[in-house]
Every structure is written in C-alpha cells, then in structure tokens.
Amino acid sequence: MGARRVRQAGQAMVEYVIVVALVAVAAIAVYQLFGQVIRAQTAAMAREIAGEDGTEQSRVAQSAAELAAAQTAAKSLKSFTGNADAAQ
C-alpha cells in the first residue's frame, strides 16, 4: 500500500514538471516575438509617469508589434507543411 502511494506522488511530480516546462517554452516563444514590444511599451509608460514625452517609445513599440505580426503571419503550420510537400 505504501509503495503505491509513493509512485502516485512521484507521478504527480513528473506531471507538474512537464506542465511547468511547457509553460516555460511557451513563455520563451512569446517573449521572442513580443519582447521588443514589451520593452518599448514599458519605456513609454515609464517616461509618461515621469512627466516626459513617451511618443518615440510608443512608435518603436508600434513598429515592433507590426514586425512581430508579420513574422507570425509568415510562420504558420501551413507554411511548414507546404515546405514538406515541396521537398518530395
């Protein structure tokens, strides 16, 4: 009876580690796409809070967001499967 309980606890820990790893990979992917946007928006907010003009940082954030959107549109599962068909 005791051995079964230990196995279940170990199994739960492994499942938890897998979920945490998947969340970390997803967070890294999102940060790769939107990291510059987040940094520029944070800089714009910090300047505005300090009473300065954050217009330039807002423009940088907008252009970074447009670039990230273009990269996202260019990379889809359909494009990967299209490349696989071209190789055959």
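Predicted model: local features only at pLDDT ≥ 70, side-chain atom pairs only at ≥ 80, totals over all residues.
1. A salt bridge is a side-chain nitrogen of Lys or Arg within 4 Å of a carboxyl oxygen of Asp or Glu. By this criterion the side chains of Arg59 and Glu56 meet in a salt bridge, at 3.0 Å from N to O. Arg59 and Glu56 are three residues apart in helix H2, so about one helical turn separates them. The accessibility terms in this note are set as follows: buried means under 20% relative accessible area, exposed over 50%, and partly exposed in between (1.4 Å probe, protein chains only). Glu56 counts as partly exposed, at 45% relative accessibility.

2. Residues are numbered from 1 along each chain as its sequence is written, and side-chain values use heavy atoms, with hydrogens and water left out.

3. Confidence is expressed as pLDDT, the predictor's confidence in each residue, from 0 to 100. The chain has a mean pLDDT of 80, and 75% of its residues reach 70 or more. Confidence is highest in helix H2 (residues 55-74), at a mean of 86, and lowest in helix H3 (residues 77-87), at 58.

4. The secondary structure consists of three helices and zero strands. Helices (H or I, at least four residues) and strands (E, at least two) are DSSP runs, numbered from the N terminus. Read from that terminus, the order of elements is α-α-α.

5. Accessible areas come from the Shrake-Rupley method with a 1.4 Å probe; for residues, only the protein chains shown count as cover.

6. Which residues of H2 are buried? They are Gln57, Ala61, Ala64 and Ala68. These residues are on the same side of H2, because they cover an arc of only 70° around the axis. The arc is that of the directions from the helix axis to the C-beta atoms. The face turned away from this buried side carries the exposed residues Arg59, Leu67, Ala73 and Ala74.

7. How many salt bridges does the structure hold? The number is two. Besides the pair described at the outset, Arg47 forms a salt bridge with Glu52, with the closest N and O atoms 3.3 Å apart. Arg47 is partly exposed, with a relative accessible area of 32%, and Glu52 is also partly exposed, at 41%. In general terms, side chains of opposite charge can pair when their charged atoms come close.

8. A nonpolar patch on the surface is formed by Val30, Tyr31, Leu33, Phe34 and Ile38, which together have about 420 Å² of accessible area. Patches are made of residues with over 30% relative accessible area and no salt bridge: like charges are joined within 9 Å, nonpolar side chains (Val, Leu, Ile, Met, Phe, Trp, Tyr) within 5 Å. Phe34 belongs to helix H1 (residues 2-49) and is partly exposed, with a relative accessible area of 33%. Leu33 lies in helix H1 as well and counts as partly exposed, at 33% relative accessibility.

9. Several C-alpha separations relate residues that stand apart in sequence. Leu33 and Gln71 are 38 residues apart along the chain, and their C-alpha atoms are 8.0 Å apart in space. Gly35, in helix H1, counts as buried at 1% relative accessibility. Between the C-alpha atoms of Gly35 and Ala64 the distance is 8.9 Å, across 29 residues of sequence. Thr55 is placed in helix H2 and is partly exposed, at 33% relative accessibility. Thr55 and Met45 are ten residues apart in sequence, with their C-alpha atoms 9.8 Å apart.
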